[in-house]
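Q: Hey, I'm new to this one. Can you walk me through what's in it?
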Amino acid sequence: MKALITGGAGFIGSHLAERLLKDGEEVVIIDNLSTGQLENLETFRQYATLEFVRGDIRDATLMQMLVSRCDVVFHLAAAVGVQLIADDPVHTIETNIGGTETVLDAANKFGRRTLLASSSEVYGKSESVPFREDDDFMLGGTAFSRWAYACSKAIDEFLGQAYYQQYGLEVIGARFFNTIGPRQTGRYGMVVPRFVQWALANEPIRIYGSGRQSRCFCYVEDLLDGIIALMESAEAAGKVFNVGSVEEISIEDLADKIIAITGSTGGKEHISYEQAYGRPIEDMMRRVPSIERIRETVGWEPRTDLDETLQIIIEHFSETAEKDRA
Ligand code: NAD
């Protein structure tokens, strides 16, 4: 199998590329290196079966050329991260909607099965626990740019479903919940890498809001098992799946756990969302996926618990910090 991975120099995309290459598959990555980086390919760039193309997914000619040479498409490229979305809403909307249109159009021309990376953000402010795929969305108003990301991912899903219904293109929607692991950067507002880096530097961990909001964090390698199984399942075509962990933790407890594992002397401090982002941000208290559908379809569930995942991430960041010092 030859897989095209859009956004393959990013956090999740680079792990996916590495996994597929190690499994003996061929991989083509397209990435514009906006939030991704070439260093993410360091551990596997020796593979002759890897091709990296620096380019934009909105370039229709390039996308058609690349899609035509591959068997399947994992579409992961997107403008990601609460901070980036707040700072650059135009870029977010244009990349996430325009880019997906170009990818799906090319996939449809050549009849290539496509997995679209969506997000738990589409559930918006809904207070349901857990979130099920067919639940209603409850998105906030257009005054808050955060919802632009959620809407853009929902439009991507609608577009994927439309291609499936109208043209029979095999599209799978995968709603990722918080995913964590080595190589994730804290630069664009991701909570775990930031907390770990602050803790390792013995700086205070900055908790936005009350800290009582909770999340479920899935280890990236577990998520890959799920999305690869979906790509291989005939039954998955035309459907949307939650992919995430069901182990819930409050942000306050997450900070305490990271302090305990790292032995940080920096402590914690609370700051408001407005202080953190320079503008008010609406945040959700809980976000727990129902993983019944993916479990029933491909037998997937996460295997690595949060403690083990945090150990792996902390080790990764300690090694990177050591390398930077050397
Ligand atoms: P990431 O920022 O590390 O990866 C996104 C990649 O897309 C980057 O390498 C970036 O350079 C690339 N990219 C952006 N715009 C592009 C363009 N126009 N053309 C080509 N490449 C472009 O983020 P990630 O966490 O690896 O996210 C991957 C996917 O998973 C995204 O679609 C994201 O919405 C989704 N997702 C991630 C999470 C999570 O917790 N990490 C949660 C929900 C959904």
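Predicted model: local features only at pLDDT ≥ 70, side-chain atom pairs only at ≥ 80, totals over all residues.

Q: OK, so how far apart are Y163 and Y167 in helix α5?
A: Y163 and Y167 are four residues apart in helix α5, so about one helical turn separates them. Their rings form a tilted aromatic pair, 5.5 Å centre to centre with 50° between the planes.

Q: Is Y163 buried or exposed?
A: Buried, because its relative accessibility is 14%, and the cut-off for buried is under 20%.

Q: How many aromatic pairs does a search of the whole structure find?
A: Six. Among them is Y123 with F177, a tilted pair at 6.1 Å centre to centre and 40° between the planes.

Q: Where do Y123 and F177 lie?
A: Y123 is in the loop between β5 and α5, and F177 is in the loop between β6 and β7, so the pair ties together parts 54 residues apart in sequence. Y123 is buried at 0% relative accessible area, and F177 counts as buried at 3%.

Q: Which residues do ring pairs link into a cluster?
A: Y123, F131, F137 and F177.

Q: Switching topic: what sits over the ring of W147?
A: The charged end of R146, 5.8 Å from the ring's centre.

Q: And helix α7, what should its 13 residues span?
A: At 1.5 Å a residue, residues 220-232 should span 18 Å, and the end C-alpha atoms are 18 Å apart, which agrees. Its buried residues include V220, D222, G226 and M231.

Notes. Residues numbered from 1 in each chain as written. Heavy atoms only, no water. Helix = DSSP H or I, 4+ residues; strand = E, 2+ residues; numbered from the N terminus. Expected span 1.5 Å × (residues − 1). Buried < 20%, exposed > 50% of the residue type's maximum accessible area, 1.4 Å probe, protein only. Phe/Tyr/Trp six-rings, centres within 6.5 Å; stacked < 30°, edge-to-face > 60°. Lys NZ or Arg CZ within 6 Å of the ring centre and 35° of its normal.
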